[in-house]
Amino acid sequence: MSVKSPNTLVQAVNYSFSYEQDHPLLNNLSLTISEGETTILAGASGSGKSTLALCLNGLYPEAVEGYSTGELFFRDKSVTSFEKGELNQQIGIVFQDPESQFCMLKVEDELAFTLENIETPREEMADLISDVLEKIGITKLRHRDIHSLSGGQKQKVALAAVLLLKPTMLILDEPTANLDPQSRLEFVELIERLSMTTLIIDHQLEDWLRFTDRMLVLSRSGELVLEGKPMELLRKHKNELEAEGITFSPVYEELPHVDHGSEILRVQNLQFKRKKNVILTNIDFSIHEKEFVAIVGGNGAGKSTMLQLLSRLLKPTRGSIELHGTAITSFQELELREKMGFVFQNPEHQFITDSVEEEVAFGMEVRDESGIGARVDDLLQRFHLKNHRRANPFSLSGGQKRRLSVATMLHEGQDILLFDEPTFGQDARTSSELLKIVKSLQEQGTAIVFVTHDMDLVDQYCDRALVFHEQELAFDGSPEELFHNEALLQAARLRKPYRMRQALEVVGQ
Ligand SMILES: Nc1ncnc2c1ncn2[C@@H]1O[C@H](COP(=O)(O)OP(=O)(O)OP(=O)(O)O)[C@@H](O)[C@H]1O
Ligand SMILES: Nc1ncnc2c1ncn2[C@@H]1O[C@H](COP(=O)(O)OP(=O)(O)OP(=O)(O)O)[C@@H](O)[C@H]1O
């Protein structure tokens with residue numbers, strides 16, 4: 001347990017929190033965070049990291065009618081004795097999904113709104129906004145519509161809004177999960193430059209380690225099981241960290257090679273416009289049986305749009321998409337869904353029942369399958385959702401929601417599975433377990449197509465990568481070939497995978 005010092009900013013003393021009485025999620029935590037420190041809060045998906053962040057800034061337990069025991073202090077004062085909104089200002093949180101934080105349409109208005117909330121005199125606002133935009137390097141975005149910004153730009157605006165509150169401490173809750181590889185790196189570098197007291201929650205640790213002072217590890221039962229300097233923890237406690245789903249770099253596994261079959265899906269001369277804006281154009285490619293294909297590219301390149309077109313949620317302005325030689329527009333809805341599974345970017349858009357187990361059973365019932373009970377049990381077990389079977393899908397953690405949305409989509413005999421960021425929000429262990437399940441479907445005959453920002457995943461699992469850039473399909477080839485194309489990686493805001501970056505470091509480049 002860390003000991004309180006004059007620099008202590010946050011202190012937890014035997015702190016427990018539960019959403020349901022007598023089922024503590026955070027379990028008897030005693031910890032400190034000192035002024036100026038950069039700390040990583042790590043733990044398996046569902047271990048309570050986001051919950052702890054919300055307890056620290058005083059939003060919980062009130063906002064969710066949770067139960068807490070023990071004490072949480074900010075600068076020696078119990079978090080419960082702060083005025084409403086006061087702690088919120090001291091501890092600024094940037095969430096995974098900045099959209100949920102915005103109230104206004106334009107960047108400048110959003111920032112002015114933040115200042116209004118803390119009663120900043122109107123005449124001071126313009127300068128404060130200029131300063132924060134410059135600090136973050138987004139002066140050019142001042143007059144833009146927020147909805148027209150890329151994921152990375154939105155994340156920086158969210159950070160600007162938080163910084164205007166002049167917080168003493170920042171909490172970043174998976175702030176880079178939606179960012180393309182280069183935007184992610186730029187965001188990490190920006191946080192390093194800000195040099196504030198920061199608590200980082202992220203499943204991808206590698207980029208943060210260079211300037212992280214400490215790491216706190218939450219176990220699956222919500223206890224603080226390890227704390228210390230990250231590299232020291234790795235040296236001394238590698239196995240314990242792995243048991244909690246934490247790795248500092250991607251773990252490569254031996255994977256069987258799967259030969260492709262015949263063509264199943266063909267996209268020809270496709271164009272898609274929104275109003276007058278061309279989002280995608282001149283798109284031609286085919287997908288074959290048992291292929292494992294990644295769709296990659298910078299924020300806003302049109303990757304999700306492409307998946308929505310493939311799954312018929314959007315209609316091309318021009319060109320065609322055929323499944324087994326028949327236009328997808330000719331299929332009955334149920335028939336198309338039998339052949340094609342689709343997991344959205346926001347899993348909650350997909351949930352339609354009140355419990356995790358009903359959600360998994362739903363598709364099977366619609367298809368009138370047999371042995372549903374046993375299959376539901378098996379899927380819940382494999383996706384680590386067994387203990388949450390009666391929970392409302394909307395109450396799950398980010399990572400759990402994503403696993404549930406994947407579980408609901410899997411059934412045998414599908415020709416093609418489309419995923420938008422399948423491993424988003426997963427710790428290393430659940431991520432690799434999830435991919436093994438997907439890989440086994442590929443071996444049984446399903447083609448897998450997924451959108452991702454994770455180059456290690458592309459490197460390890462994919463046979464082929466499609467790069468979208470400037471409205472077009474800029475590359476269609478093997479990941480190996482892509483990762484040697486420096487100019488394209490740069491232009492499409494991608495990066496080499498960890499394996500290749502490591503190799504470069506070893507030879508001193
Ligand atoms: N409002 C809520 N009501 C009931 N249970 C909740 C609520 N919010 C979260 N939980 C449960 O609390 C647990 C921890 O969730 P939390 O979001 O804190 O985890 P996390 O460690 O941040 O996970 P991830 O890495 O997947 O984002 C989960 O099992 C989740 O189902
Ligand atoms: N509902 C919408 N209305 C207007 N424009 C949209 C809408 N959805 C997407 N766009 C625009 O279409 C373009 C492609 O968006 P898309 O979400 O497909 O990109 P992406 O490559 O998946 O990005 P990211 O990596 O950030 O998820 C972007 O310029 C985006 O702003």
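Reader: In which helix do Lys238 and Glu242 both lie?
Author: This is a predicted model, in which local features need pLDDT of at least 70, side-chain atom pairs count only at pLDDT 80 or more, and totals for chains, interfaces and linings use all residues. Numbering runs from 1 along each chain as written, chains are lettered from A and ligands numbered from 1 in written order, and side-chain values use heavy atoms, without hydrogens and water. Four residues, about one turn, separate Lys238 and Glu242. Both lie in helix H7 (residues 230–243) (a DSSP run of H or I, at least four residues; strands are E, at least two).

Reader: How far apart are the closest N and O atoms of Lys238 and Glu242?
Author: Lys238 is partly exposed at 45% relative accessibility, and Glu242 is partly exposed at 31% (20% to 50%; buried is under 20%, exposed over 50%; 1.4 Å probe, protein chains only). They form a salt bridge (side-chain nitrogen of Lys or Arg within 4 Å of a carboxyl oxygen of Asp or Glu). The closest N and O atoms are apart by 3.2 Å.

Reader: Is Asp459 buried or exposed?
Author: Asp459 pairs with Arg499 in a salt bridge, N to O 2.8 Å at the closest. Asp459 lies in helix H14 (residues 455–461) and Arg499 in helix H17 (residues 498–506), so the pair ties together parts 40 residues apart in sequence. Arg499 is partly exposed at 34%. At 13% relative accessibility, Asp459 counts as buried.

Reader: Which residue forms a salt bridge with Glu486?
Author: Glu486 lies in helix H16 (residues 486–491) and its partner in the loop between H16 and H17, so parts 10 residues apart in sequence are tied together. With closest N and O atoms 2.8 Å apart, the partner is Lys496.
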